[in-house]
Amino acid sequence: MPLLRQAVPPGRFFGYYPGTIAVVTVAVGGRRNVMSAGWHTALSYAPPLYGVSVGPGRHTHSLLREAEGFVVNFLGQAHSATIQRLGTTSGRDTDKFAASDLAWSPGETIAAPVLAAAYFAFECRTREVRTFGDHDLFVGEVVATHHDPEAHDEHGVLRPEHTSPAVYLGRSQFRGLA
């Protein structure tokens, strides 16, 4: 039995695999923005490094280039419609904070907003930016973390009965894990 049912060109489905969505916030010089990002990952435990891949055509990209850092927020499936809007609307044209119901507060060490609805968030100080193909990888050292204690058990594991992470399926489609 073949491993694949049908071979297709790489671009046909590339990026359309299930994965959690990060909601990245940035603030610099009185400007701020928020965007959904499907391409993000932990890179190192010691020091704690987290990477977010952003295309140079995105408004957030130019702000990330100027800012000292960014915040990576994780929202539950209940916020899927908001996550979808944040990923399909440009901050060049719209103040996405004003256009959404997102409550936030400034980070403890990074000026970027920490979203109140996040069950978990990393404040990241930018350490390096590297270009890979058509995206730049913004690598941040995690300098502070935030979590909703009710969403996690005593070991720090997410309680699915409390919060189901938003999982991206492709083409702006989201589902929860539970």
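Two strands are taken as paired where DSSP finds at least two bridges between them, and by this criterion, in the predicted model described here, strand β6 (residues 69-74) is joined to strand β9 (residues 120-132) by 6 bridges, the two running antiparallel. Within this pair, F70 has C124 of β9 as its bridge partner. Strands of a sheet pair through backbone hydrogen bonds, in either the parallel or the antiparallel sense.

The chain as a whole contains 3 helices and 12 strands. Its radius of gyration is 16 Å, close to the 16 Å that the globule rule gives for 178 residues, so the chain is as compact as a globular protein of that length. Along the principal axes, the C-alpha atoms fill a box of roughly 55 × 40 × 40 Å, and 42% of the 178 residues count as buried. The accessible surface comes to about 10,100 Å², with carbon and sulfur atoms contributing 54% of that area. Of the contacts between residues at least 6 apart in sequence, 61% join residues that are at least 24 apart. The mean pLDDT of the chain is 90, with 93% of the residues reaching 70 or more; among the elements, the lowest mean value, 67, belongs to helix α1 (residues 10-13) and the highest, 98, to β5.

The pairing of β6 with β9 forms part of an open sheet of 7 strands, which has the order β3-β2-β6-β9-β10-β5-β4 and antiparallel pairing. At its edges lie β3 (31-37) and β4 (40-44), each of which pairs on one side only, and from one strand to the next the twist averages 35 degrees. Helix α2 (residues 59-66) packs on this sheet, where it touches β2 (22-28), β3, β5 (49-54), β6, β9 and β10 (135-147), and its direction makes about 120 degrees with that of β3. Helix α3 (residues 80-88) also packs on the sheet, touching β2 and β3, with its direction at about 115 degrees to that of β3.

Within the sheet, β5 has a neighbour on either side, β10 and β4. With β4, β5 pairs in the antiparallel sense over 4 bridges, and the two strands form a hairpin with 4 residues between them; in this pairing T41 stands opposite G51 of β5. With β10, β5 is joined by 6 bridges, again in an antiparallel arrangement, and V54 has D136 of β10 as its bridge partner. In a regular strand the side chains alternate between the two faces of the sheet. In β5 both faces are covered, with L49, G51 and S53 buried on one side and Y50, V52 and V54 buried on the other, and thus 6 of the 6 residues of this strand are buried.

The buried residues of helix α2 pack against β2, β3, β5, β6 and β10, and H59, T60, H61, L63 and L64 are buried in this helix. H59, which lies in α2, has a relative accessible area of 18% and is classed as buried, because the cut-off for burial is under 20%. When its neighbours within four places in sequence are left aside, H59 is in contact with N33, S90, G91 and R92.

Notes: Residues are numbered from 1 along each chain as its sequence is written. This is a predicted model: local features need pLDDT of at least 70, side-chain atom pairs count only at pLDDT 80 or more; totals for chains, interfaces and linings use all residues. Side-chain values use heavy atoms; hydrogens and water are left out. Axes are lines fitted to C-alpha atoms, for helices over the stretch in contact, and angles run from 0 to 180 degrees between N-to-C directions. Contact means heavy atoms within 4.5 Å. Buried means under 20% relative accessible area, exposed over 50%, partly exposed in between (1.4 Å probe, protein chains only). The radius of gyration is taken over C-alpha atoms; the globule rule is 2.2 Å times the number of residues to the power 0.38. Accessible areas come from the Shrake-Rupley method with a 1.4 Å probe; for residues, only the protein chains shown count as cover. pLDDT is the predictor's confidence in each residue, from 0 to 100.
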